[in-house]
Amino acid sequence: MSTETFGFETRAIRSQLERSQYLEHSVPLYLSSSFVFEDAEDMRASFAEEKDRNIYSRFSNPNTTEFVEKICQMEGAEAGYAFATGMAAVYSTFAALLNSGDHIVSASSVFGSTHTLFTKYFPKWNITTSYFSIAEPETIERYIQPNTKILYAESPTNPAVDILDLEYLGALAKKHNLILIIDNCFATPYIQNPIQFGADLVIHSATKLIDGQGRVLGGITVGKEDLIREIYLFSRNTGPSLSPFNAWVLSKSLETLAVRVEKHCENAEKVAAFLEEHPNVKTVKYPFLKSHPQYEIAKKQMRLGGNIVAFEIKGGIDAGRQFLDKIQLCSLSANLGDTRTIVTHPASTTHSKLTEEERLAVSITDGLVRVSVGLETITDIINDLKQALS
Ligand SMILES: *Cc1c(COP(=O)(O)O)cnc(C)c1O
């Protein structure tokens with residue numbers, strides 16, 4: 001049987017490291033900072049990269065290799081490198097590929113720390129960024145300059161779950177010879193594969209749905225081999241690599257990614273449908289609701305709608321805060337993609353430092369609540385939201 005023809009779940013479960021002499025069924029944890037050489041010639045050839053082998057766990061380790069190979073397979077990518085966190089993946093990817101004087105065109109609504117990287121730190125190295133509005137993707141070309149090297153976006157976005165047309169971004173990147181990088185964290189490799197639509201690189205915060213159980217931090221970048229080679233060389237020298245332990249946890253998590261994500265999405269659809277009917281809810285945003293402004297695009301590029309539901313509570317900031325105070329079962333936490341349902345109110349927390357105008361530009365209204373729908377019994381999740389909304 002050829003592994004190529006196996007389905008997503010089979011490959012997620014069955015593609016693993018070769019068994020050791022002990023014939024273990026489940027892949028063991030290789031907690032070893034370095035690896036030994038047979039002799040001087042083996043050592044020389046290994047360092048000269050004439051052999052594909054582990055030398056030192058900052059470069060590679062059996063557990064990180066397994067994790068990278070599984071994600072590459074899921075995303076349809078040639079190669080990858082795993083990082084200690086999602087932000088290490090974002091930072092190292094840009095730092096490896098950009099030179100002083102280069103320019104980035106990014107969607108305006110990107111993860112908070114990514115935005116900080118672009119606005120506060122990259123200018124120190126004379127790397128600048130222009131932002132296009134998610135609501136006006138037709139304006140992107142206006143921001144492209146002769147020194148633009150990277151086109152960057154997330155879809156669905158955080159926290160407002162807006163959708164960008166990946167096929168359109170892929171075509172634009174090709175036309176202007178840009179590297180298209182997509183942060184695919186909210187979708188997971190099970191729901192959406194940006195490489196299929198022309199992305200050169202895909203980034204994940206593995207901390208979210210890939211771990212899915214709120215235990216470990218991790219990140220990964222996968223995509224074109226020549227670009228990954230640059231990222232790998234930068235990273236093996238700067239040291240943001242994923243620990244073998246976290247890689248081992250994450251590889252186990254991938255075995256259940258499909259079933260977990262299916263259930264997350266089933267629960268999220270029910271939460272979205274409940275909220276749509278509630279009199280104290282002004283609007284609901286969920287990619288697979290017909291009322292979502294980019295519903296058609298979501299259907300084209302996503303297998304399921306994801307586990308994040310955003311809604312606008314009537315009564316603005318105060319109503320949002322009161323809602324959080326009344327929540328009993330769900331958690332108030334900064335994470336997402338956990339088995340436990342999490343609710344956040346961006347205007348009074350993560351995005352409170354922005355002015356109202358800046359918030360509105362990235363679709364964060366005062367009453368916006370983000371729900372990361374978990375895997376608890378659906379009636380319990382809905383009952384908690386119901387009593388908090390009353
Ligand atoms: C959480 C997140 C990150 C950062 O990942 P960490 O693992 O927390 O460093 C990057 N992008 C998106 C979209 C995220 O949700």
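I call a residue buried under 20% relative accessible area, exposed over 50%, and partly exposed in between (1.4 Å probe, protein chains only). This is a predicted model, where local features need pLDDT of at least 70, side-chain atom pairs count only at pLDDT 80 or more, and totals for chains, interfaces and linings use all residues. Residues are numbered from 1 along each chain as its sequence is written, and side-chain values use heavy atoms, with hydrogens and water left out.

**Domains.** I looked up the division first. An automatic or database domain assignment sets the bounds: domain 1 covers 3-30 + 61-254 and domain 2 covers 257-389. Their centres, taken over C-alpha atoms, are 24 Å apart. In contact (heavy atoms within 4.5 Å) I find 34 residues from domain 1 and 37 residues from domain 2.

**Salt bridges.** I count a side-chain nitrogen of Lys or Arg within 4 Å of a carboxyl oxygen of Asp or Glu. The whole structure gives me 17, and between domain 1 and domain 2 there are 3.

Where do E167 and K300 sit? They meet in a salt bridge at 3.0 Å, N to O, with E167 in helix α7 (residues 166-175) and K300 in helix α12 (residues 295-301), 133 residues apart. Helices here are DSSP runs (H or I, at least four residues), numbered from the N terminus. E167 is partly exposed at 43%, and K300 is partly exposed at 41%.

I also checked D338 and R340, which pair at 3.0 Å, N to O. Is D338 buried or exposed? D338 is buried, at 7%, while R340 is partly exposed at 42%.

**Y91.** Lastly, I found Y91 in helix α4 (residues 86-97); it counts as partly exposed because its relative accessibility is 31%.

Technical notes. Helix = DSSP H or I, 4+ residues; strand = E, 2+ residues; numbered from the N terminus.
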